[in-house]
Amino acid sequence: MPEEVKVRIVNLPKIEDDRGNLSFIEEENHIPFKVKRVYWIYDVPGGEYRGSHAFKETAEFIVALSGSFDVVLHNGKEEMKYSMNRSYYGLYVPKQHFRRLENFSTNSLALILASTSYEEDEYIRDFQQFLSYIK
Ligand code: TYD
């Protein structure tokens, strides 16, 4: 599967019936990578943010399972902001994008699927270093 290099909002399936809604994610279908890791962020205090780093090789897929938050992305040239507030939308974030999650609503739950296992060496936590890295 070719590596996708562009940020993209993915409209996930939403199966509605009288009993409620159901959505799902299939790897290598709705997301262009194999899932190596799943983590979630929750109980974020008001005004707090998460992230503020880029990954060298990791691609991610971010879903607001509950509540809302903003994802601010920088590709080295421009900043983009995505408001996540529906559990049937996912945000595909390719590798080498500086990203920050902010403006979390009460009880929000961010689900993140990642293409790699956790490795601290994958992180670029300094924005200037990020700019030099992607040049
Ligand atoms: P970090 O990715 O810096 O959090 P955020 O980007 O949301 O601000 O991770 C916070 C801590 O959790 C850090 O010490 C590393 C650890 N961690 C893992 O052990 N495994 C993981 O999969 C993740 C995402 C983090």
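1. A polar contact is a pair of N or O atoms within 3.5 Å, where, within protein, one atom must be able to donate a hydrogen and the other to accept it. The model discussed here is a predicted one, and all values below are computed from it.

2. By that definition, the side chains of Glu 60 and Arg 99 make a polar contact, at 2.9 Å. Glu 60 lies in strand 6, which covers residues 60-66.

3. Is Glu 60 buried or exposed? Its relative accessibility is 2%, and because buried means under 20%, Glu 60 counts as buried.

4. Leaving aside residues up to four places away in sequence, Glu 60 touches Arg 99 and also, among others, Phe 33, Tyr 39, Phe 55, Leu 91, Tyr 92 and Val 93. Ile 112, Leu 113 and Ala 114 are likewise touched by Glu 60.

5. Among contacts between residues at least 6 apart in sequence, 76% join residues at least 24 apart.

6. The radius of gyration is 15 Å, which agrees with the value near 14 Å that a compact globule of 135 residues would have. Of these 135 residues, 39% count as buried, and carbon and sulfur atoms account for 45% of an accessible surface of about 8100 Å².

7. As for charge, the protein carries 17 positive and 21 negative side chains, and the centres of the two sets lie 3 Å apart.

Definitions and conventions
Residues are numbered from 1 along each chain as its sequence is written. This is a predicted model: local features need pLDDT of at least 70, side-chain atom pairs count only at pLDDT 80 or more; totals for chains, interfaces and linings use all residues. Side-chain values use heavy atoms; hydrogens and water are left out. The radius of gyration is taken over C-alpha atoms; the globule rule is 2.2 Å times the number of residues to the power 0.38. Buried means under 20% relative accessible area, exposed over 50%, partly exposed in between (1.4 Å probe, protein chains only). Contact means heavy atoms within 4.5 Å. Accessible areas come from the Shrake-Rupley method with a 1.4 Å probe; for residues, only the protein chains shown count as cover. Lys and Arg count as positive and Asp and Glu as negative; His and the chain ends are not counted. The place of a charge is taken as NZ of Lys, CZ of Arg, CG of Asp or CD of Glu. Helices (H or I, at least four residues) and strands (E, at least two) are DSSP runs, numbered from the N terminus.
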